[in-house]
Number of protein chains: 2
Amino acid sequence: MSVKLQICDSTLRDGNHAVAHQLGRADISAYARAAEAAGVDVLEVGHGNGLGASSIQVGIAAISDAEMLGAAKAELRNSRLGVLSIPGFASVERDLKPALDCGVDEVRVGAHCTEADVTRQQITMLRSMGVRVKGLLLMSHMASAGKLVEQAGLMQEYGAEAVVLMDSAGAYTPEMVREKVGELVEKLDIAIGFHAHNNLGLSVINSITAIRAGASIVDVTARGFGAGAGNAPIELVAANLHVEQIEARIKLFGALDAADTAEERFVKHVPTNDSVTIASGIAGVFSGFAAPVRRASRRFGADPREILLELGRRRVVAGQEDTIIEVAMALAAERASADVTHAFADHI
Amino acid sequence: MSVKLQICDSTLRDGNHAVAHQLGRADISAYARAAEAAGVDVLEVGHGNGLGASSIQVGIAAISDAEMLGAAKAELRNSRLGVLSIPGFASVERDLKPALDCGVDEVRVGAHCTEADVTRQQITMLRSMGVRVKGLLLMSHMASAGKLVEQAGLMQEYGAEAVVLMDSAGAYTPEMVREKVGELVEKLDIAIGFHAHNNLGLSVINSITAIRAGASIVDVTARGFGAGAGNAPIELVAANLHVEQIEARIKLFGALDAADTAEERFVKHVPTNDSVTIASGIAGVFSGFAAPVRRASRRFGADPREILLELGRRRVVAGQEDTIIEVAMALAAERASADVTHAFADHI
């Protein structure tokens with residue numbers, strides 16, 4: 001029996017990043033109806049950083065987790081309701097259990113690609129409760145295929161029914177997708193998924209390449225709605241599945257309608273690339289760095305693309321935002337020194 | 001000796017479609033400076049439909065061909081100035097000879113993919129004058145690889161130094177690119193190029209795939225600036241060349257800067273996809289049909305996507321816009337008849 005392709009629509013979770021987590025009840029209801037009609041397998045809902053993340057530090061959501069989940073759940077019949085849980089943001093008693101009471105059908109527990117062990121408690125607990133649970137490996141371009149097999153293996157051991165590789169920086173090429181997804185499909189017993197970002201303009205082909213490499217879950221959002229360069233658009237993934245005649249539950253016109261609905265209602269800006277989002281993808285830096293890099297660039301007079309390329313060389317991850325200031329100051333000082341040959345001349 | 005990759009920047013020609021041919025002198029000068037600095041090999045300039053096309057039927061340009069070409073030429077030193085010539089729009093005496101007097105370095109003569117013979121007069125004439133000349137095969141997804149080899153072979157025989165496959169409908173998948181470009185590269189003695197459109201979200205990967213299949217010319221525009229779903233963005237093609245370490249004259253930061261310049265100055269809307277542009281790509285219908293299809297859809301109350309899919313089945317090409325009304329009326333009548341099973345149920 002071939003594994004059936006699952007489309008996970010993260011418009012109402014990853015997309016929430018694009019509007020500073022301000023999606024409200026009416027928009028959630030309207031989009032959930034459209035996603036149900038389109039036949040998405042899972043609709044992921046919540047704050048951009050998942051359950052329990054609403055905070056001054058990463059942004060206060062317009063409405064509570066329970067309100068978001070309730071609004072979506074009321075519209076779903078065949079599509080499952082999903083949530084993201086990142087240990088640290090989300091705790092079991094305060095966040096996960098109340099979410100399950102709202103009718104959540106599956107939980108995706110995420111961690112940095114080399115830190116799968118932090119997902120152990122939540123995955124085992126959810127699994128023991130009989131809840132469908134998947135593991136997410138963030139910033140997965142930073143780890144080798146071998147390392148990813150090891151980390152995904154831990155999640156499988158804890159009881160995850162699938163592991164999804166997150167391209168948090170939009171840094172994957174199709175060749176990287178083929179290699180890493182292929183290796184995981186070969187070495188693991190559970191389903192493998194891929195979550196694309198569009199910094200290099202490759203989100204659609206990376207999603208299709210993942211499927212061809214054996215992935216059975218791909219993440220999408222309406223119009224690519226998400227932070228920075230955005231995600232793989234549901235409407236374009238559906239169009240390519242149609243053209244390539246790849247079987248899935250999602251309906252072409254339903255996906256097109258869902259994307260139109262999202263654009264009419266709450267997509268203020270369809271995600272596009274600019275110099276900073278592209279440099280971010282080349283550097284393999286988490287897209288959340290884009291805004292602080294732009295600010296540091298203005299403050300210190302350093303080229304934001306050079307800041308990003310240097311951050312990429314230093315392999316920074318989320319939480320290391322202080323490094324931005326240090327790099328920006330160093331680049332500005334270097335630029336001020338007229339007799340110093342431009343350190344990045346080779347790259348431009 | 002490996003063939004050196006040429007980047008043809010059509011921002012000031014194909015992009016003119018996106019602003020109803022209203023690019024003016026100041027914008028052309030500013031962008032030509034940015035393109036020269038970025039190191040593009042050819043900067044194509046003019047009315048969206050090329051030399052001599054300014055007309056009530058396809059749109060009156062803001063300034064004359066000579067003014068556009070003069071403004072661009074003044075900024076170019078290492079980049080060549082290119083023009084598009086479609087026999088029918090452009091005539092030798094009225095359009096081509098004056099354009100050459102403006103300092104045009106190369107002419108691309110285009111025709112529908114099965115009608116290369118209409119380019120004979122212009123290609124042979126330009127060649128006899130010692131002008132660099134290339135052939136363009138429009139709507140090339142509609143012809144088999146064998147037919148394209150035959151038609152490109154005619155252009156080669158007339159004296160074209162290269163033939164470029166135009167994906168006028170944005171209907172190519174990477175597999176189609178690999179097959180058709182590969183076949184032309186194998187069978188012809190001259191350089192082969194590819195001109196992408198983004199209706200299926202594949203413009204970047206199709207450009208990179210064309211290069212890997214042996215193409216030595218790819219067409220780009222800043223931010224994908226062009227009609228409908230737009231072209232392959234110069235900034236994303238440059239980013240992918242950088243990431244894939246493919247050698248080219250174009251500079252990464254220069255390409256990013258050029259795209260930023262275009263967006264600041266004249267890209268009113270960065271091209272994105274919607275239901276209609278995507279359906280157009282799936283159907284393989286020329287993107288110029290999108291606007292009249294939207295109008296017919298509103299007028300007759302038929303789904304614009306169904307109109308496009310039916311037009312695709314009828315294999316319509318530019319010039320057959322009257323068919324839109326016929327199809328829209330038929331679909332509306334069918335919809336009005338409540339007991340008729342939806343003819344397109346299988347597709348949605």
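Helices here are DSSP runs of H or I with at least four residues, numbered from the N terminus; by that count, helix 2 of chain A gives the largest share of the lining of the second largest cavity, 3 residues. Welcome to a quick tour of this predicted model. Chain B can be laid on chain A by a turn of 180° with a shift of 0.0 Å along the axis, and the RMSD is 0.0 Å. The two copies are thus related as by a two-fold rotation axis. The notes below go from the pairing of the chains to the cavities, the cores and a few individual residues.

**How the two chains meet**

- Ile205(B) is the residue of chain B that comes closest to the rotation axis, with its C-alpha at 3.5 Å.
- Of the interface residues of chain B, 100% are also interface residues in chain A, so the copies meet through the same surface.

**The largest cavity**

- The structure holds 2 cavities of 30 Å³ or more, and the largest has a volume of about 460 Å³.
- Its lining numbers 31 residues, of which Asn198(A), Pro271(A), Asn198(B), Pro271(B) and Thr272(B) are the closest to the centre.
- Both chains take part in this lining: helix 7 (203-212) and helix 8 (234-243) of chain A, and helix 7 (203-212) and helix 8 (234-243) of chain B, each supply at least two residues.
- Sorted by class, the lining of the largest cavity has 14 polar, 13 nonpolar and 4 charged residues.

**The second largest cavity**

- The second largest cavity has a volume of about 40 Å³.
- Its lining is made by Val45(A), Gly46(A), Gly50(A), Leu51(A), Asp65(A), Met68(A), Leu69(A), Val83(A) and Leu84(A).
- Helix 2 (65-73) and strand 3 (80-85) of chain A are the elements that give two or more residues to this lining.
- By class, these lining residues divide into 6 nonpolar, 2 polar and 1 charged.

**Nonpolar cores**

- In soluble globular proteins, nonpolar side chains tend to be buried together.
- Here, the largest nonpolar core has 229 residues, and the members that touch the most others are Tyr31(A), Leu43(A), Leu311(A), Tyr31(B), Leu43(B) and Leu311(B).
- What does Tyr31(B) contact, leaving aside its neighbours within four places in sequence? Its partners are Asp9(B), Thr11(B), Leu12(B), Leu43(B), Ala222(B), Ile234(B), Ala258(B), Ala262(B) and Phe266(B).
- A second, separate core of 8 residues includes Ile86(A), Ala162(A), Ala191(A) and Ile217(A).

**Helix 4 of chain A**

- In helix 4 (residues 120-128) of chain A, the buried residues are Gln122(A), Ile123(A), Met125(A) and Leu126(A).
- The cover over these buried residues includes strand 3, helix 3 (92-101), strand 4 (106-112), strand 5 (132-138) and helix 5 (145-158) of chain A.
- Gly130(A) follows helix 4 of chain A and has a positive phi, near 80°.

- Most residues other than glycine have a negative phi.
- Gln245(A) is not a glycine, yet its phi is positive, at about 55°. Gln245(A) sits in the loop between helix 8 and helix 9 (252-265) of chain A.
- Is Gln245(A) buried or exposed? Gln245(A) counts as exposed, because its relative accessibility is 74% and the cut-off for exposed is over 50%.
- Arg315(B), also not a glycine, has a positive phi of about 55°; Arg315(B) is found in the loop between helix 12 (304-313) and helix 13 (322-336) of chain B.

**A buried residue and an exposed one**

- Ile234(A) belongs to helix 8 of chain A and counts as buried, at 1% relative accessibility.
- Not counting residues up to four places away in sequence, Ile234(A) touches Asp9(A), Tyr31(A), Val40(A), Val220(A), Thr221(A), Ala222(A), Ile250(A), Ala255(A) and Ala259(A).
- Ile234(A) and Ala35(A) are 199 residues apart along the chain, while their C-alpha atoms are separated by 9.9 Å.
- Arg94(B), in helix 3 (residues 92-101) of chain B, is exposed, with a relative accessible area of 53%.
- Leaving aside neighbours within four places in sequence, Arg94(B) is in contact with Gly52(B) and Phe89(B).

Note on methods: Residues are numbered from 1 along each chain as its sequence is written. Chains are lettered from A and ligands numbered from 1 in the order in which they are written. This is a predicted model: local features need pLDDT of at least 70, side-chain atom pairs count only at pLDDT 80 or more; totals for chains, interfaces and linings use all residues. Side-chain values use heavy atoms; hydrogens and water are left out. Copies are superposed by least squares on the C-alpha atoms of residues with pLDDT of at least 70 in both. Contact means heavy atoms within 4.5 Å. On a 1 Å grid over the protein atoms alone, a cavity is a set of points where a 1.4 Å probe fits but cannot get out, and a pocket is an open set with protein on both sides within 12 Å along at least five of seven lines; lining residues have an atom within 4 Å of a point. Grid points are joined across faces, edges and corners, and a volume is the space filled by probe spheres set on the points. Ala, Val, Leu, Ile, Met, Phe, Trp, Tyr, Cys and Pro count as nonpolar, Asp, Glu, Lys and Arg as charged, and the others, Gly among them, as polar. Buried means under 20% relative accessible area, exposed over 50%, partly exposed in between (1.4 Å probe, protein chains only). A nonpolar core is a set of buried Ala, Val, Leu, Ile, Met, Phe, Trp, Tyr and Cys residues joined through side-chain atoms within 4.5 Å.
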